[in-house]
Amino acid sequence: MDNEQVAEILEEIGTLLELKGENPFKTRAYQNAARTIEGIHEPLASLVAEDRLTGIKGLGDALRQKITTLVETGKLPYFEELKASIPPGLIEMTEIPGLGPKKVKALHDELGIESIDALETACEEDRVAGLKGFGKKTQQKIIDGIEFRRKFSGQHHLHSAWITAEPILESLRQHPDVIRCSVAGSLRRWKETIGDLDFIASSRAPENVIDFFTNQEGILNIVAKGDTKASVILEDGLQADLRVVMDKEYPFTLAYFTGSKEHNIVMRQRAIDRGLRLNEYGLYKSKTETHDSKLRVKCTSEEDIFRALDLELIPPELRENRGEFEAAEKGELPNLVEWTDLRGSLHNHSNWSDGKESLEEVAAAAYDLGCSYWAITDHSQSSFIANGLDINRLTRQINEIEHINQLYQDAERPYRVLSGSEVDILTGGRLDFPDDILAQLDVVVASIHQVFSQSEAEMTKRLIGAAENRYVHMLGHITGRLLLQRDAYKLNQHAVIDACAETGTWIELNANPWRFDMDWRLWQYAKEKGVKCVINTDSHRFEHQQYLRFGAQIARKGWLTKRDVINTLSLKRLRTALLWKRK
DNA sequence: GCCGTTTTCGGCCCGACTGTTTTCAGTCG
């Protein structure tokens, strides 16, 4: 059982304990342990084997015992029993807005409700409103919540959240009563999926800003509206929250609501350790008084807050409590890659396979975007659904690309279309083209597109097999996940990264917002092993070229610098790099 | 369930908002 699975189980134990009405701090201990484990880069199995769980903060005797059992046996009797004692539908019920563990427990204890369907029926029959602590409004909110859940999945892809957020941010920025404003939350941290949009603004007339926000176009309904915060549901199903504060409070509010929660806990603790107190309104020279302005430490920016806690400014992308404090303390935060550092993409399609535009059109669009190179890596013959190229068509395409390159010979800046293939990794790790064909290509991306159902060992072996081929420059979208749609196939990603380190194979960061694959959480490990990243759009049409920006943001989230990313190289250096493995 | 330069018990982040309450519990972030 790997780290992620263990973390998931601990998280679920936390939720189950909440539903049982257990001590909330015990509940939190499990949830904290889940976070801690998510943040450990090394496989738990080795930590357990070498008895190195001891000393990890937040894991006491009881949790160490349980984690050991999970890692060694893949099961945990305590968890099984707990799960058996609570109807599975209750956890799902807590996902309805406004329903927490206490209310779900009451619904179960008083009315015997064990599922969302039963809850809906009970609301329709007006049985919920009479319960202690419930009422007509709560009942209606539950009905609306269930309806909403059916209509929208609750999470949204990063790029669509930005598309919704940017015009709102712009209109806030132009409002005469707004002094400063920003997005916050997971959007500002560039998480791969977004639950809701958070906006922070400073103003001397907060009521005007709140009114403006709740009266904007495209609102489905207003969830909450107070003096300093409002919450609305937008027509595309996203919830948007706005908080308005005084300008001197703004940096604190922005930092607080940017999160993450785990990051904030450490920030707060650092304040306490220095005899200070940090909350969303300020940093105070007192352990108890929270609102006395005379005791306020003056900070006009987030940078000031970090400095007051003896830290470098931590970029929002890194605020996940995954090592940023240790680095910021020593002044060793990485100089993160910028999307403008990127010179091109090495995994893209044309209408020769399943892309929309012709080679000429793709080449011209990438040139106009300012790129120095753009690889055409259409699908290989086994991907016949995607109109994959056989050897004959591939050979013709190579010639055609050479022809196109002649058109750019006298261009104002160096530019080259690179020939390539996204070659299928067949079962067993064999590739869809023989080596002598691959050798003729500038760029070879190897990806899995079929037979996802093999065991973890087989899938891992498949990818390692591809990495061992000297003509394969990089592995494409290694987990095959489609965010909010399809889970990753079973895979030992650490083993694949190790093999890439060994063979000098690069790993793609697929910038398509449905993929963002490999996951940002693994790049620190890859970087330590010396594995380079390639940020690819995997574009199938012009619009996808803009994904480079999102890909770079995810790379930043993975702590990557310009040096860690191959496609920041100039055309000349890239062409040398493409020969490294073939020497 | 975890933790300890207030150390083996008594804390554990906390403020805004809603709805149900007539003084506060539950939820959320």
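Tutor: We begin with a definition: a residue is buried when its relative accessible area is under 20%, and exposed when that area is over 50%. The model before us is a predicted one.

Student: What percentage of the residues of chain A count as buried?

Tutor: The cut-off for burial is under 20% relative accessible area. Applied to the 583 residues of chain A, this criterion gives a buried share of 54%.

Student: How does the radius of gyration of chain A stand against the globule rule, and what is its value?

Tutor: Chain A contains 24 helices and 16 strands. For 583 residues the globule rule gives 25 Å, and the radius of gyration of chain A is close to that, so the chain is as compact as a globular protein of that length. The value for chain A is 26 Å.

Student: Among contacts in chain A between residues at least 6 apart in sequence, what percentage join residues at least 24 apart?

Tutor: A contact requires heavy atoms within 4.5 Å. Among the contacts in chain A that link residues at least 6 apart in sequence, the share joining residues at least 24 apart is 67%.

Student: Is Ser182 buried or exposed, and in which strand does it lie?

Tutor: The relative accessibility of Ser182 is 13%, and Ser182 therefore counts as buried. Beyond its neighbours within four places in sequence, Ser182 has contacts that include Leu169, Asp198, Phe199 and Tyr250. The element that holds Ser182 spans residues 180-184 and is strand E2.

Student: How many of the 11 residues of helix H23 are buried?

Tutor: Helix H23 covers residues 547-557, and its buried residues include Tyr547, Phe550, Ile554 and Arg556. Their cover includes helix H10 and the strands E10, E11, E15 and E16. Helix H23 is largely enclosed by the rest of the structure because the number of its residues that are buried is 10.

Student: Which residue with a positive phi follows H23?

Tutor: The phi in question is near 70°. The residue that follows H23 with this positive phi is Trp559.

Terms used:
Residues are numbered from 1 along each chain as its sequence is written. Chains are lettered from A and ligands numbered from 1 in the order in which they are written. This is a predicted model: local features need pLDDT of at least 70, side-chain atom pairs count only at pLDDT 80 or more; totals for chains, interfaces and linings use all residues. Side-chain values use heavy atoms; hydrogens and water are left out. Helices (H or I, at least four residues) and strands (E, at least two) are DSSP runs, numbered from the N terminus. The radius of gyration is taken over C-alpha atoms; the globule rule is 2.2 Å times the number of residues to the power 0.38. Buried means under 20% relative accessible area, exposed over 50%, partly exposed in between (1.4 Å probe, protein chains only).
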